[in-house]
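Hello,

Here is the structure I promised to pass on to you. Have a look at it first, and then read my notes below.

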Amino acid sequence: MACAGLLVAGSVAESADLRIGSTVQLTAMPGVPGPFAAAPARAALGRSIFYDARLSEPAGTSCAACHDPRQGFAGNHGSGIGVALGSRPGSFGVRNVPSALYTAYIPRLFFYQDDDAPAPTPFGGLFADGRIDTVADLVRHPLLDAREMHNANAAAIARKLREAPYAGSLQREFGAEALKTPTGALAALGAAIDAFLKSREMAPFSSRYDDWVQGKAKLTAQELRGLRLFKDPDRGNCASCHRFNETSNNPARSMFTDYGYDAIAVPRNGAIPANRDPRHIDEGLCATAAAKGWPDSAQWCGYFRTPSLRNVAARERYMHNGTFDDLRDAVAFYATRTIDAGRWYRKGRAFDDVAPAHRANVNVATLPLNRRKGMQPALSGADIDAILAFMQTLTDAPFEAEARRNMAAQAARRVPVRR
C-alpha cells in the first residue's frame with residue numbers, strides 16, 4: 001500500500017532515466033531535511049505577506065485567515081463547515097485547510113519502491129494531491145483561486161505588492177526590478193513566504209512529545225498506553241503511515257507522517273457547497289497522476305497525502321474534506337469504518353465520497369481498515385481515548401491553550417444534554 005516507506009537519514013539517490021511519467025523515482029528515501037536557517041530579513045518579509053489582508057480581492061482575507069496561528073496555522077476562516085470561506089461571501093473551498101507548520105519538511109513528489117512493496121508508490125508534494133513541489137509555486141494558487149483569495153491575475157497581485165508598506169523591503173531584498181513585472185513579483189512573494197515557512201516560528205518542535213524524546217519531560221500512563229497502541233501493528237497501526245522515531249532525540253525524525261498516500265474513503269462532507277452536486281467527487285491524487293503522465297492514473301483516484309499529526313489537537317476539522325469536527329471520531333472511524341458503516345456514511349452507503357468506478361482503490365487490506373461487518377474492532381473505546389491522549393502530546397507550546405480549549409469543547413459536545 002502507499003504507506004510503506006520510511007524516511008531515514010541518507011542522501012537522495014536519483015537517476016535521470018528512472019521516472020514514472022514526469023515524476024522521479026528515487027532509489028533511496030530522502031534524508032531528514034534541515035535544520036533550516038532562513039535569512040531573518042527575508043523571513044520577516046514573508047511573515048508580513050502571510051498576514052497581509054490586502055492581498056485578497058476584495059481585501060480582508062490573508063493567508064493567516066485560513067492558516068490561523070491560534071489553531072496551529074490551520075483553520076477554515078470561520079466557515080464552520082470543514083472547508084475555508086473565501087474572500088467573498090458564499091465562496092468556499094473544497095478541501096480542509098492543512099496546517100502551514102512544518103511545510104518546509106515536505107519533500108517534492110517522488111516514487112519509491114522498498115523491498116516489500118510490489119510496485120513503486122508516491123510520496124511528498126504539496127497540497128493533499130501532491131500537485132505542487134515548491135512553496136514558490138504553491139502561493140499563487142490560493143491567491144488566484146476564485147474560491148479563495150480571488151485575485152484576477154498575477155498583475156493584480158503585483159500591483160498590490162507595489163502598494164504594500166513593505167514594497168521597499170521587497171525591492172531591497174530581491175532587487176529594484178523585482179516588482180515591475182507580474183512574474184518577478186510572484187517570484188519575490190514566493191521566495192519570501194518560503195523563507196517564513198523555514199523560520200523557527202513555523203517549525204517550533206516544542207511539544208511535550210519532543211521534550212519526552214529528549215528526556216526533558218514525562219508522559220502519563222494513559223499517554224504511554226496510547227503511544228503503544230499507536231505503534232502496535234495489530235491494534236492501532238497508526239505509525240504505519242504517521243511515522244515517527246521515538247529513539248531519536250532529533251524531533252525532525254518524528255514528523256508523524258511518511259508523506260505517503262492512502263485511500264481511506266472518509267465520509268462525504270455534505271456541507272461543502274460543491275458537494276450539493278452528487279456528480280462532484282474530489283478524487284485527489286489521480287488528477288495529479290494524469291497531469292504527470294503516470295500509467296493508469298485512475299488507480300490513484302481516492303488517494304490523499306497523509307498529513308502530519310503534529311498540533312492535530314488544535315485543529316477544528318479533520319480529514320481532507322473536513323468531514324469530522326471531533327478528533328475522537330477521526331480515530332474511531334479507522335477502527336469501525338466498515339464494521340459499522342451506518343455510523344459513518346449517510347444511509348450506510350460505504351465509501352460515499354469515492355466514485356463507484358474507483359471504490360476498488362479503497363484500502364481494505366491494512367489493519368484496522370480490514371475489519372468487516374460482524375467482526376470486533378481492533379480498538380476499544382478505552383484504546384481510542386488513550387490514542388487521543390497521546391496525540392495531544394504532539395501540540396507545540398504556542399498552541400497548547402487552544403488545543404486544550406478545543407479538546408474540551410469536543411468532549412462537551414459528546415456528552416448528552418440532561419433535561
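A residue is called buried when its relative accessible area is under 20%, exposed when over 50%, and partly exposed in between (1.4 Å probe, protein chains only). Helices are DSSP runs of H or I with at least four residues, numbered from the N terminus. Please keep in mind that this is a predicted model: local features need pLDDT of at least 70, side-chain atom pairs count only at pLDDT 80 or more, and totals for chains, interfaces and linings use all residues. Residues are numbered from 1 along each chain as its sequence is written, and side-chain values use heavy atoms, with hydrogens and water left out.

Let's begin with helix α11. This helix spans residues 327-336 and is mostly covered, with eight of its ten residues buried. Among them are Leu-327, Arg-328, Val-331 and Phe-333. The cover over the buried residues of α11 includes α12 (341-344), α13 (381-391) and α14 (400-414), where contact means heavy atoms within 4.5 Å.

Next, find helices α5 (residues 154-163) and α7 (residues 182-197). Their axes, which are lines fitted to C-alpha atoms over the stretch in contact, come within 8 Å and cross at roughly 65°. Angles between N-to-C directions run from 0 to 180 degrees. That makes α5 roughly perpendicular to α7, a label for angles of 65 to 115 degrees. On the α5 side the contact is made by Ala-154, Ala-155, Ile-157, Ala-158 and Leu-161, and on the α7 side by Pro-182, Ala-185, Leu-186 and Leu-189.

Ile-157 deserves a visit of its own. It sits in helix α5 and counts as buried because its relative accessibility is 1%. Leaving out residues up to four places away in sequence, Ile-157 touches Leu-143, Leu-144, Asn-151, Leu-186 and Leu-189. Ile-157 and Ser-56 are 101 residues apart along the chain, yet their C-alpha atoms are separated by 8.5 Å.

Finally, the cores. A nonpolar core is a set of buried Ala, Val, Leu, Ile, Met, Phe, Trp, Tyr and Cys residues joined through side-chain atoms within 4.5 Å. Which residues touch the most other members of the largest nonpolar core? Among its 85 residues, they are Tyr-105, Leu-161 and Phe-230. Helix α7 gives the most to this core, with eight residues. A second, separate core has twelve residues, including Leu-109, Ala-263, Cys-301 and Tyr-303.

Enjoy exploring!

Best wishes

Technical notes
Helix = DSSP H or I, 4+ residues; strand = E, 2+ residues; numbered from the N terminus. Parallel < 35°, antiparallel > 145°, perpendicular 65-115°, else oblique.
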